[in-house]
Amino acid sequence: MGKYSNQSLENDDTKVAKSRGSYLRIHFKHCREICHHISGMEVTKATKFMEDVLAFKSAVPFTKYTGGIGHHAQAKQAKAPGNSGRWPVKATQVVLDMLKNAKANADSNSMDVENLVVSHIQANRAPGGRRRTYRAHGRIGPYMSQPAHVEMILTEKVEGVAKEVDTSPKRVSKKQAAKNRFKVKTGGGI
(Lines give C-alpha, C1' and ligand atoms only; values in the text may rest on other atoms or scores of the structure.)
Protein backbone atom coordinates (compact mmCIF):
# COMPACT_ATOMS: atom_id res chain seq x y z
CA MET A 1 0.00 0.00 0.00
CA GLY A 2 1.39 3.39 -0.98
CA LYS A 3 1.80 6.43 1.20
CA TYR A 4 -0.83 9.13 1.26
CA SER A 5 0.46 12.67 1.15
CA ASN A 6 -1.39 13.62 4.34
CA GLN A 7 -0.11 11.07 6.85
CA SER A 8 -0.76 13.34 9.84
CA LEU A 9 -4.44 12.35 9.89
CA GLU A 10 -3.53 8.73 10.62
CA ASN A 11 -1.35 9.58 13.62
CA ASP A 12 -4.28 11.08 15.53
CA ASP A 13 -6.81 9.09 17.47
CA THR A 14 -9.45 9.79 14.81
CA LYS A 15 -10.52 7.03 12.49
CA VAL A 16 -10.03 7.65 8.80
CA ALA A 17 -11.42 6.14 5.61
CA LYS A 18 -9.25 6.31 2.51
CA SER A 19 -9.56 5.76 -1.20
CA ARG A 20 -7.18 6.35 -4.07
CA GLY A 21 -6.91 5.84 -7.80
CA SER A 22 -3.73 5.80 -9.86
CA TYR A 23 -3.16 6.40 -13.57
CA LEU A 24 -6.82 7.28 -14.12
CA ARG A 25 -7.65 8.08 -17.75
CA ILE A 26 -9.43 11.31 -16.90
CA HIS A 27 -8.17 14.83 -17.39
CA PHE A 28 -5.93 16.01 -14.59
CA LYS A 29 -7.16 19.59 -14.79
CA HIS A 30 -10.77 18.49 -14.41
CA CYS A 31 -9.82 16.33 -11.41
CA ARG A 32 -7.98 19.21 -9.77
CA GLU A 33 -10.98 21.54 -10.03
CA ILE A 34 -13.43 18.93 -8.73
CA CYS A 35 -11.14 18.01 -5.82
CA HIS A 36 -10.53 21.66 -4.96
CA HIS A 37 -14.27 22.32 -4.81
CA ILE A 38 -15.31 19.34 -2.67
CA SER A 39 -12.39 19.57 -0.24
CA GLY A 40 -13.73 20.16 3.26
CA MET A 41 -17.33 19.38 2.29
CA GLU A 42 -19.56 16.94 4.10
CA VAL A 43 -19.76 13.67 2.17
CA THR A 44 -23.53 13.89 1.66
CA LYS A 45 -23.19 17.42 0.28
CA ALA A 46 -20.27 16.44 -1.98
CA THR A 47 -22.21 13.42 -3.31
CA LYS A 48 -25.25 15.59 -4.03
CA PHE A 49 -23.06 18.17 -5.78
CA MET A 50 -21.41 15.61 -8.06
CA GLU A 51 -24.75 13.99 -8.91
CA ASP A 52 -26.03 17.47 -9.84
CA VAL A 53 -23.00 17.96 -12.08
CA LEU A 54 -23.75 14.66 -13.84
CA ALA A 55 -27.34 15.85 -14.32
CA PHE A 56 -26.08 19.29 -15.50
CA LYS A 57 -27.90 21.01 -12.62
CA SER A 58 -24.77 22.64 -11.18
CA ALA A 59 -21.37 23.38 -12.67
CA VAL A 60 -17.89 22.69 -11.34
CA PRO A 61 -16.24 26.09 -10.74
CA PHE A 62 -12.88 26.38 -12.48
CA THR A 63 -10.51 28.57 -10.47
CA LYS A 64 -6.98 27.69 -11.62
CA TYR A 65 -7.17 26.27 -15.14
CA THR A 66 -9.46 28.88 -16.68
CA GLY A 67 -7.98 29.31 -20.16
CA GLY A 68 -10.80 29.02 -22.69
CA ILE A 69 -13.36 28.11 -20.02
CA GLY A 70 -16.78 29.58 -20.75
CA HIS A 71 -18.80 31.69 -18.34
CA HIS A 72 -21.98 30.12 -17.04
CA ALA A 73 -24.66 31.28 -14.64
CA GLN A 74 -24.43 27.99 -12.70
CA ALA A 75 -20.83 28.82 -11.75
CA LYS A 76 -22.16 31.85 -9.84
CA GLN A 77 -23.55 29.43 -7.23
CA ALA A 78 -19.98 28.67 -6.13
CA LYS A 79 -18.79 32.27 -6.62
CA ALA A 80 -16.28 31.14 -9.26
CA PRO A 81 -13.96 33.91 -10.45
CA GLY A 82 -15.40 35.25 -13.67
CA ASN A 83 -18.22 32.69 -13.44
CA SER A 84 -15.98 30.09 -15.09
CA GLY A 85 -17.41 26.62 -14.92
CA ARG A 86 -17.86 23.34 -16.77
CA TRP A 87 -19.52 19.95 -16.42
CA PRO A 88 -16.67 17.39 -16.60
CA VAL A 89 -18.86 14.26 -16.65
CA LYS A 90 -16.20 11.55 -16.91
CA ALA A 91 -13.94 12.95 -14.18
CA THR A 92 -16.92 13.67 -11.92
CA GLN A 93 -18.16 10.09 -12.26
CA VAL A 94 -14.74 8.68 -11.32
CA VAL A 95 -14.35 10.97 -8.28
CA LEU A 96 -17.93 10.16 -7.21
CA ASP A 97 -17.17 6.42 -7.42
CA MET A 98 -14.04 6.95 -5.30
CA LEU A 99 -16.07 8.92 -2.76
CA LYS A 100 -18.62 6.09 -2.55
CA ASN A 101 -15.75 3.63 -2.11
CA ALA A 102 -14.27 5.69 0.74
CA LYS A 103 -17.74 5.94 2.30
CA ALA A 104 -18.06 2.14 2.16
CA ASN A 105 -14.61 1.84 3.74
CA ALA A 106 -15.78 4.15 6.54
CA ASP A 107 -18.83 1.96 7.05
CA SER A 108 -16.66 -1.14 7.35
CA ASN A 109 -14.45 0.74 9.86
CA SER A 110 -17.63 1.31 11.96
CA MET A 111 -17.54 5.09 11.48
CA ASP A 112 -20.64 7.29 11.50
CA VAL A 113 -21.36 7.52 7.76
CA GLU A 114 -23.75 10.48 8.07
CA ASN A 115 -21.12 12.55 9.88
CA LEU A 116 -18.20 12.26 7.42
CA VAL A 117 -16.17 15.12 5.98
CA VAL A 118 -13.73 15.13 3.04
CA SER A 119 -10.74 16.19 5.13
CA HIS A 120 -8.12 15.59 2.43
CA ILE A 121 -8.39 15.19 -1.32
CA GLN A 122 -5.83 15.86 -4.00
CA ALA A 123 -5.15 15.20 -7.64
CA ASN A 124 -1.66 14.76 -9.05
CA ARG A 125 -0.54 14.62 -12.64
CA ALA A 126 0.28 11.11 -13.85
CA PRO A 127 2.70 10.34 -16.71
CA GLY A 128 1.15 11.29 -20.02
CA GLY A 129 -0.04 8.64 -22.43
CA ARG A 130 1.58 8.89 -25.85
CA ARG A 131 -0.23 8.47 -29.13
CA ARG A 132 0.45 9.96 -32.53
CA THR A 133 -1.46 12.14 -34.92
CA TYR A 134 -0.65 12.60 -38.57
CA ARG A 135 0.17 16.11 -39.74
CA ALA A 136 0.64 17.79 -43.06
CA HIS A 137 3.59 16.97 -45.32
CA GLY A 138 4.07 13.50 -43.88
CA ARG A 139 4.96 14.59 -40.39
CA ILE A 140 3.81 12.98 -37.15
CA GLY A 141 2.88 14.96 -34.04
CA PRO A 142 2.29 13.95 -30.43
CA TYR A 143 -1.23 13.20 -29.23
CA MET A 144 -0.84 13.11 -25.46
CA SER A 145 -3.31 12.33 -22.71
CA GLN A 146 -3.08 13.87 -19.23
CA PRO A 147 -4.11 11.20 -16.70
CA ALA A 148 -4.30 11.75 -12.96
CA HIS A 149 -3.71 10.18 -9.56
CA VAL A 150 -6.46 11.00 -7.04
CA GLU A 151 -6.47 10.28 -3.31
CA MET A 152 -8.93 11.18 -0.57
CA ILE A 153 -9.26 10.78 3.18
CA LEU A 154 -12.56 11.03 5.04
CA THR A 155 -12.83 11.74 8.77
CA GLU A 156 -15.72 12.16 11.15
CA LYS A 157 -16.76 15.74 11.74
CA VAL A 158 -15.69 17.06 15.14
CA GLU A 159 -17.77 19.63 16.96
CA GLY A 160 -16.00 22.91 17.59
CA VAL A 161 -15.23 24.07 21.10
CA ALA A 162 -16.86 27.32 22.20
CA LYS A 163 -14.46 30.16 22.82
CA GLU A 164 -14.10 31.25 26.43
CA VAL A 165 -15.54 34.65 27.19
CA ASP A 166 -12.83 37.09 28.25
CA THR A 167 -14.00 38.84 31.44
CA SER A 168 -10.86 40.88 32.10
CA PRO A 169 -11.12 44.58 31.22
CA LYS A 170 -9.72 45.54 27.86
CA ARG A 171 -6.33 47.22 28.12
CA VAL A 172 -6.06 50.64 26.52
CA SER A 173 -2.72 52.16 25.60
CA LYS A 174 -1.85 55.75 26.53
CA LYS A 175 -2.10 56.76 22.90
CA GLN A 176 -5.54 55.18 22.52
CA ALA A 177 -6.74 56.78 25.79
CA ALA A 178 -5.61 60.21 24.52
CA LYS A 179 -7.49 59.65 21.26
CA ASN A 180 -10.62 58.68 23.15
CA ARG A 181 -10.44 61.82 25.32
CA PHE A 182 -10.42 64.17 22.33
CA LYS A 183 -12.88 62.22 20.18
CA VAL A 184 -15.45 64.59 18.68
CA LYS A 185 -18.92 63.15 18.66
CA THR A 186 -20.63 63.85 15.36
CA GLY A 187 -24.03 63.11 13.95
CA GLY A 188 -27.55 64.17 14.72
CA GLY A 189 -29.72 63.06 17.50
CA ILE A 190 -31.36 64.42 20.54
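**Close-up views of a predicted model**

**View 1. Lys79 in the loop between strand 2 (60-61) and strand 3 (85-86).** With a relative accessibility of 73%, Lys79 counts as exposed (exposed means over 50% relative accessible area, buried under 20% and partly exposed in between, with a 1.4 Å probe and protein chains only). Its phi is near 55 degrees, a positive value in a residue other than glycine. Most residues other than glycine have a negative phi. Helices (H or I, at least four residues) and strands (E, at least two) are DSSP runs numbered from the N terminus. The model is predicted, so local features need pLDDT of at least 70 and side-chain atom pairs count only at pLDDT 80 or more, while totals for chains, interfaces and linings use all residues. Residues are numbered from 1 along each chain as its sequence is written, and side-chain values use heavy atoms, with hydrogens and water left out.

**View 2. Asn83 in the loop between strand 2 and strand 3.** Asn83 is partly exposed, its relative accessible area being 26%. Although Asn83 is not a glycine, its phi is positive, at about 55 degrees.

View 3. The buried residues of helix 2 are Phe28, His30, Cys31, Glu33, Ile34, Cys35 and Ile38. Just after helix 2, Gly40 has a positive phi of about 90 degrees.

**View 4. The crossing of helix 2 (residues 28-38) with helix 3 (residues 43-54).** The two axes come within 10 Å and cross at roughly 140 degrees (axes are lines fitted to C-alpha atoms, for helices over the stretch in contact, and angles run from 0 to 180 degrees between N-to-C directions). Helix 2 and helix 3 are therefore oblique to each other (angles under 35 degrees count as roughly parallel, over 145 as roughly antiparallel, 65 to 115 as roughly perpendicular and the rest as oblique). Ile34, His37 and Ile38 of helix 2 make the contact with Ala46, Phe49 and Met50 of helix 3 (contact means heavy atoms within 4.5 Å).

**View 5. The largest nonpolar core, with 35 residues.** Such a core is a set of buried Ala, Val, Leu, Ile, Met, Phe, Trp, Tyr and Cys residues joined through side-chain atoms within 4.5 Å. Ile38, Met50, Leu99 and Leu154 touch the most other members. Helix 4 gives the largest share of this core, 7 residues. Beyond its neighbours within four places in sequence, Leu99 contacts Val43, Ala46, Thr47, Met50, Val118, Met152 and Leu154.
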